[in-house]
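Hi everyone, thanks for coming.

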Amino acid sequence: MSDTPFGFGLPPEEPDDGDEGKKKDQQSGGGQGPANPFGFGLPGAGGLGGPGGPGADNPFAAMFGSMNPTDLGAAFQQLGQMLSYEGGPVNWDMAKQIARQTVAQGTPDGTKDASVGPAERNAVQEAVRLADLWLDDATALPSGAGTAVAWSRAEWVEATLPAWRELVDPVAERVGTAMGDVLPEEMQAMAGPLIGMMRSMGGAMFGTQIGQAVGVLAGEVVGSTDVGLPLGPAGKAALLPANVEAFGKDLGVPQEEVRLYLALREAAHQRLFAHVPWLRSHLFGAVDGYARGIKVDTAKLEDVVGQFDPQNPEQLQEALQQGMFQPEDTPEQKAALARLETALALVEGWVDAVVHTAAKPRLSSADALRETLRRRRASGGPAEQTFATLIGLELRPRRLRDASRLWASLTDARGVDGRDGLWAHPDMLPTATDLDDPDGFVHREQLDFSELDKMLGEAAGKPDLKKRDEQKGPDEAEGKGDDGE
């Protein structure tokens, strides 16, 4: 996790040479650039407040520096929107706006977003259809993709924002509450309007962070399940043609094979999330459990606020970098994090094993594509790291290879049905300890729940039998016992 998990920054120092210094800074890309999509930029500020622009560390820094009247008016309009926000812990309208602006700027390699044409949509639909046919032989789970869609980056943003909201709101809510608790109760009563304004600003800041993070991530993902979580609507297998092309650009593999292999992964994820109904809530619940365990260091925050010198902004910046908002490693958080990481590893390992089984006999590039994706998931791109900073969680499985080997061994030992049957209940899945000893889990005697079900059924029926016997009378009841009926 990052030293500054929530990305709060301060405006850069004023250059010694005034306006000339500002111009040089703008020309040299000073401030936080696109590689850090956490800068608090403001949309509509003539590029000065956009993601990665000068002054992007703080929304006010973007408002009052070398602005023409049009820029200044847009900045004040944005400020009004920030202060008038009365929603939840995150201003999602702002997040959506900034995410789309970030997408419109294009990726660092210069590729711009564009509408998906009919030919690309047909190619994606055909790839998903063929992928589903291949997967029929590799898994007992039926198809989970009711439709196949091809998204632009902007469409990916629109389709996945509801999932981001479900993921991030609990964390933002907990952090906002912790920061509000710094003020004594008597001060909170007197500073009601100020607290309301601070909450509005906090919602805008979180919205800015999330919008920029999601916008950057939209330039990297190839589908709706890249981070191991179902971010898109249920039953929709999605690929982003522009990003699929960028992914396969330097691999030396035909584009059709790249698209088909990625379609296999997307379709496999869809099968798993569609036919394991508890899995989505299990993963998202782990994130929520982590949020409930956040304990912001309010003592350090009180100390810094009490001694803060406006003439020395570096003091607050240094405190932030030392982790003033760093969540503590509580037992609750550790348990939630372990549960999430293990579940992600099992999901990604299962997909990796199933896709390899389906692709190996049919695609000559299957091994190369598998290794490329494994390394991509293991290292994580800048956007994934940004998201990890944003909510304090690393949403990439650390034990993908271990999980993949375990699922492959289960296939050999128990067959496809026996392997996939473990998804019937979360208690049947391998644990983190099982990943340390996969052979022990694979060859362990399979749990048989039939006797347990029989016992539960008998226990549930005994009160009814007793009541019926009492209604018949002692002679009738005893007669029944003698007959053994």
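Before the angles, a word on terms: axes are lines fitted to C-alpha atoms, for helices over the stretch in contact, and angles run from 0 to 180 degrees between N-to-C directions. Helices are DSSP runs of H or I with at least four residues, numbered from the N terminus. This is a predicted model, where local features need pLDDT of at least 70, side-chain atom pairs count only at pLDDT 80 or more, and totals for chains, interfaces and linings use all residues. Residues are numbered from 1 along each chain as its sequence is written, and side-chain values use heavy atoms, leaving out hydrogens and water.

Now the pair. Helix H10 (residues 255-275) packs against helix H14 (residues 331-359) at about 130°, with the axes 9 Å apart.

Who meets whom? Contact means heavy atoms within 4.5 Å. On the H10 side we have, among them, Tyr 261, Leu 264 and Arg 265, and on the H14 side residues including Trp 350, Val 351 and Asp 352. The contact residues divide into 11 nonpolar, 1 polar and 3 charged; Ala, Val, Leu, Ile, Met, Phe, Trp, Tyr, Cys and Pro count as nonpolar, Asp, Glu, Lys and Arg as charged, and the others, Gly among them, as polar.

Finally, Trp 156: its contacts, not counting residues up to four places away in sequence, include Trp 151, Trp 164 and Leu 240. And Ala 123, in helix H5 (residues 118-135), lies 8.6 Å from Arg 259, C-alpha to C-alpha, though they are 136 residues apart in sequence.

Definitions and conventions
Helix = DSSP H or I, 4+ residues; strand = E, 2+ residues; numbered from the N terminus.
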